[in-house]
Amino acid sequence: MNFDYDSEQNDLREAVRGLLARAYPDSEQRRAVVSADPGFDEKTWSRLAEMGLLGLPFPEDDGGMGAGPVEVAIVAEEIGRVLAPEPFIEAVVLAGGLVAAAGSAAQRGEVLGALAEGGLVPAFAHAEPRTRWSTTAQGVTATQDGGSWTLTGVKEPVPNGARADVLVVSAVLDGGGTGLFLVPGDAEGLARTGYRNHDGTRSAHVGFENTPAEPLGDGGDQTASIERALAEARIAYAHEALGAMDSALRITAEYLKTRKQFGVTLNKFQALTFRASDMYVSLELARSIALWASMVQEAGGDVVQAADRARLQVSRAGRHIGEEAIQLHGGIGMTAEYSVGHYTSRLTAIDHLLGDGDWALARLAATVNSYETVDPLGAPYA
Amino acid sequence: MRLQLSPELEAFREEMRTYFTTQVPQEIRDTVAAHRHLSKEQYVEAMRTLNAAGLAVPHWPVEWGGKDWTPLQRHIWREEMQLANVPEPLPFNASMIGPVIAAFGSQEQKERFLPKTANLDIWWCQGFSEPDAGSDLASLRTTAVRDGDDWVVNGQKTWTTLGQHADWIFCLCRTDPTAEKKQRGISLLVFPMDSPGVTLRPIELIDGGREVNEVFFEDVRVPAENLIGEENRGWDYAKFLLGNERVGIARIGSTKRLLAQAKEHLREITIDGRPLADDPFMAARIAELENDLVALELTALRVVANSADGKPHPASSVLKLRGSELQQAATELIVDIAGPLSLASFAEKDSDVPDWARAATPHYLNYRKVSIYGGSNEVQRTIIAGSILGL
């Protein structure tokens, strides 16, 4: 058992941190980038590709780097640290991860190769209006006619759905089950309307009307692939949240040391410093479980339950730290000009992207009577 | 990064588990599992059983019975002990005065005290807190004045846990009232509890138990040779000792055991004919606590895996704070599961209320102490704010 990063992983972190620090030296730069479509910086996206990060988790045969979950976690944490709006988790870990898991060799080569080079942004179209987080599709149906397939229905909100060059779409199959399909951005019968999310990122309403679609891999029910890809994305989001929480706490502590009221700096008030201490406790507990979830993934353990555990802890921590960071600042924390509130907004978005804390808790609660105690170093995790 | 324990550590864990679950008398482990107070004889038997196997003081120097284990091995040893409901070696002996004498005592003191301390042939108690010196320990007022070959001790200690069983006390005394800083004029003396002038008065607690005491000193004569280390350096030894006190204070294995018991109790209680275990709200409370405990256990593992170079990991201060909160939350949960049965705390033999439900509320009330002792949680927050966040 070992929680240390190796030297290559530390080098990767330094490189990513350096790149993102140049791209987002302050929160004004991020504000400028997210004020215009597509809500991220295409040049920064290209630089991430040049560094090999957009193919990080994919096999080398598919044009990737063959790196593991810990490397993905490092990139996600650095993205969170500066709130970089580039859709690394959405495009690479989630949409790319689905293609890597379920796609044919030809589809993997085509999609993942272009994604790794920075020439193609995929997005996973899965959420549907008036539903909650789910592994299955309900409102978009797939119809087979001879050798070809079409999709009909609505997906929304689809993160980066308007900018995406290709959509990975979940849809109800004729015979039941949920299939996965590739739909190019210029497909017939595809209507996309993009908009801005509260955290500066973008989503879209995506309508399908007899839209031609290509089944991913051999077709058929892909629920298991979806469950696994969502779990891996939840773990990556846990690390993005760690980076964001770490920054929010650091910014808050700095402010307490410099802001003066009643003739003294705010860190003279125990009512404030104790609350900052509690934020640190939340952060470190969340960090432990996020690191663990990545190690479970690497060890081939029960990644779905590990992701649920990380989701629950990080959801609680993200709300706690995000809310307190604003409160400890006072009015300045409410303003768009100041950085800290943007961290809270992003943490709130991450929390609701693939299932929040209560959602994860309900899944964990359903299993508590099936075992006596939890051993994080034993079955089913290691 | 790697999740799994090495094969050697897996074998070590199995060895500990087997020993604790087969060699420590079942009747003692049942008393711990039932959250009943252990008798003096049970404490002594448990510690001597461990000491016979070299498992009572593994963290001491090897020449005095230590094992030269890594911090991770010590963590596994402690966790397995708690999971098996084995009473931990008496902390006043094993974690407090033993390591201090081993580090700062004279050769003569080491030979005189350490073997008997490891075997619980001497039962030690702690003379630290005073009525006006709690978290602000350095304000203590008990004095020791030199008179010929003796120190003469006068004053009062309080919160002396299990002092009623103790043979000896280790006692912080003010030996230089003129010292510029109040921390500088304190010395550490040890003396028998049956010395003339020592009186002990039990303090009844809100759970009905009498585990702590007040201790009064009236012209107690202590031979000069019973000074541990150097005169007026007692504060350094106290800090060293309290650092050891916080090791293992998270008590993760013990809380894990409590949650497992909570699940059993949920199956035993019915609500409208259905087991309480089927109630989704109760299941959610268990699941949330269990997840908090996983996060704490992993944090403890990060700390022990990283503390090999002797420097404390920054996250270590989280362990006491969160560990005590989770112990308290688990005892609170069991009171809630007992529900109306939780009132029957002192029901006698012919009561139909199960034993665990009778013990639930006294246990909960007793555990309010864990966020107070060992440096209160507010002291921990002060440490985090100051030494980690720089506030």
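Of the 382 residues in chain A, 53% are buried, a residue being buried if 20 or more other C-beta atoms, placed from the backbone, lie within 10 Å of its own, exposed if 12 or fewer do, and partly exposed in between. The model is a predicted one, in which local features need pLDDT of at least 70, side-chain atom pairs count only at pLDDT 80 or more, and totals for chains, interfaces and linings use all residues. Residues are numbered from 1 along each chain as its sequence is written, while chains are lettered from A and ligands numbered from 1 in the order in which they are written.

Chain A contains 11 helices and 9 strands, where helices (H or I, at least four residues) and strands (E, at least two) are DSSP runs numbered from the N terminus. The radius of gyration of chain A is 21 Å, close to the 21 Å that the globule rule gives for 382 residues, so chain A is as compact as a globular protein of that length. That radius is taken over C-alpha atoms, and the globule rule is 2.2 Å times the number of residues to the power 0.38. Along its principal axes, the C-alpha trace of chain A spans about 80 × 50 × 40 Å. Among the contacts in chain A with a separation of 6 or more, 74% join residues 24 or more positions apart; two residues are in contact if their C-beta atoms, placed from the backbone, lie within 7 Å.

The domain assignment divides chain A into domain 1 (7–120), domain 2 (124–221) and domain 3 (224–370), with bounds that come from an automatic or database assignment. The C-alpha centres of domain 1 and domain 3 of chain A lie 21 Å apart, and 20 residues of domain 1 are in contact with 23 residues of domain 3. On the domain 1 side, α4 and α5 (88–102) of chain A each supply at least two residues, and α4(A) gives the most, with 10 residues. By class, this side has 13 nonpolar, 4 polar and 3 charged residues. Here Ala, Val, Leu, Ile, Met, Phe, Trp, Tyr, Cys and Pro count as nonpolar, Asp, Glu, Lys and Arg as charged, and the others, Gly among them, as polar.

Helix α4 (residues 69–82) of chain A also packs with helix α7 (residues 223–258) of chain A, at an angle of about 40° and with their axes 7 Å apart. The axes are lines fitted to C-alpha atoms, for helices over the stretch in contact, and angles run from 0 to 180 degrees between N-to-C directions. Residues making this contact include A:V72, A:A76 and A:I79 of α4(A) and A:I235, A:H239 and A:L242 of α7(A). The contact has 10 nonpolar, 4 polar and 5 charged residues.

Between the chains, 38 residues of chain B are in contact with 40 residues of chain A. On the chain B side, the elements giving two or more residues are α8 (252–268), α9 (280–306), α10 (316–338) and α12 (377–388). The largest share, 18 residues, comes from α9(B). This side divides into 24 nonpolar, 5 polar and 9 charged residues.

Within chain B, the axes of helix α4 (residues 71–83) and α9(B) come within 7 Å and cross at roughly 145°. B:P71, B:L72 and B:H75 of α4(B) meet B:A300, B:V304 and B:A305 of α9(B).

In helix α10 of chain B lies B:I334, a buried residue with 23 other C-beta atoms within 10 Å. Leaving aside its neighbours within four places in sequence, B:I334 is in contact with B:L258, B:Q261, B:A262, B:H265 and B:A360.
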